[in-house]
Amino acid sequence: MVFCKTSTSPPPKLRYPEQKCGTIARHSACGEHGTIGMLREIKKTALAALIVILSACQRQPITYYTPPAEVLQESLPTLVGSKVRVPNIFFGDEITYVRAIDKLPVAKGSKNYDIPIQVSLGKHVIRIGFSQGSGCAEAIFELNMQSGISYIARGKKLGRESIFRQENLRLWIEDRGGPRVTGEVIVPGGGCGGGGGGGVGW
């Protein structure tokens, strides 16, 4: 009878190649599908998203109102603001000016209140502003502008004003010759910001 001798020695250890970066790139932590590869992809995605956000946050250029192509034609109507001098060092002069025409802002409207602006014939949406010191107000008018007419924006306070209180205002547009071409809009005076001191927003 022959007996089979069983070996009690441990089986030989299997040796695998060392997983260094670049050796077994596809299955190791260093490969494109491994941990480091995933971190690289996340970094690229985050960088791309940051670039998109920064691009969106850039300030968009403002499109200002420009007179019609037929500039300097006497037949075109004009629109200009007005000023009431106030002999009071606390408040300053009352300035009524053209703030926007057809939703396009007028460049330096309050500073150039006395410069006539040419407008094409027909209906327009006019935004009139009023300022005195740090206070301001505004209102919107729809006006069918006629050939050769000089329109002027006017503003007037309703009552006396103190340092601690700002009164309501009346705003309107009239023909420089005298008659008013719009009704009066009453708006509360207040600080500038947002849609203006109580004026109607676009």
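Mentor: Helices (H or I, at least four residues) and strands (E, at least two) are DSSP runs, numbered from the N terminus. The model is predicted, so local features need pLDDT of at least 70 and side-chain atom pairs count only at pLDDT 80 or more, while totals for chains, interfaces and linings use all residues. Residues are numbered from 1 along each chain as its sequence is written, and side-chain values use heavy atoms, with hydrogens and water left out.

Trainee: Where does proline 67 lie?

Mentor: Proline 67 belongs to the loop that runs between α1 (35–57) and β1 (78–80). For accessibility, buried means under 20% relative accessible area, exposed over 50%, and partly exposed in between (1.4 Å probe, protein chains only). Proline 67 has 39% relative accessibility and therefore counts as partly exposed. From proline 67 to threonine 78 there are 11 residues in sequence, and their C-alpha atoms are 9.8 Å apart in space.

Trainee: What is the order of the strands in the open sheet?

Mentor: Two strands pair if DSSP finds at least two bridges between them. The open sheet has 5 strands in the order β5-β1-β8-β9-β10, and its pairing is mixed. At the edges stand β5 (117–118) and β10 (185–188); each has a single partner strand, so one side of each lacks a neighbour in the sheet. Within the sheet, β8 and β9 are antiparallel and share 7 bridges. As an example, isoleucine 152 has glutamate 174 of β9 as its bridge partner.

Trainee: How many bridges join β6 to β7?

Mentor: There are 11 bridges, and the two strands run antiparallel. As for cover, 8 of the 11 residues of β7 are buried.

Trainee: Is serine 131 buried or exposed?

Mentor: Serine 131, which is located in strand β6, counts as buried because its relative accessibility is 15%. Contact means heavy atoms within 4.5 Å. Setting aside residues up to four places away in sequence, serine 131 touches Asp93, Glu94, Ile95, Tyr97, Ser110 and Cys136.

Trainee: Which residues touch the most other members of the largest nonpolar core?

Mentor: A nonpolar core is a set of buried Ala, Val, Leu, Ile, Met, Phe, Trp, Tyr and Cys residues joined through side-chain atoms within 4.5 Å. The largest one has 21 residues, and Leu79, Val98, Ile101, Ile126, Ile128 and Ile173 touch the most other members. At least two residues of this core come from each of β3 (94–101), β6 (122–132), β7 (135–145), β8 (150–157) and β9 (168–175). The largest share, 5 residues, is that of β7. Leucine 79, leaving out neighbours within four places in sequence, has contacts that include Val98, Ile126, Met145, Tyr151 and Ile173.

Trainee: How many salt bridges does the structure hold?

Mentor: A salt bridge is a side-chain nitrogen of Lys or Arg within 4 Å of a carboxyl oxygen of Asp or Glu. The structure holds 7 of them. In one, arginine 99 meets glutamate 138 at 2.0 Å, N to O. This pair links distant parts of the chain, with arginine 99 in strand β3 and glutamate 138 in strand β7, 39 residues apart. Arginine 99 is partly exposed at 33% relative accessibility, whereas glutamate 138 is buried at 1%. Glutamate 138 also meets arginine 127 at 2.2 Å, N to O. Arginine 127, in strand β6, is 11 residues from glutamate 138, and arginine 127 is buried at 7% relative accessible area.

Trainee: What does the charged end of arginine 180 sit over?

Mentor: A charge sits over a ring if NZ of Lys or CZ of Arg is within 6 Å of the ring centre and within 35 degrees of the ring normal. The charged end of arginine 180 sits over the ring of tryptophan 172, 3.9 Å from its centre. Arginine 180 also forms a salt bridge with glutamate 184 (2.1 Å, N to O). Both partners are partly exposed, arginine 180 at 43% and glutamate 184 at 34%. Elsewhere, salt bridges that share partners join Lys83, Arg85 and Asp93 into one network.
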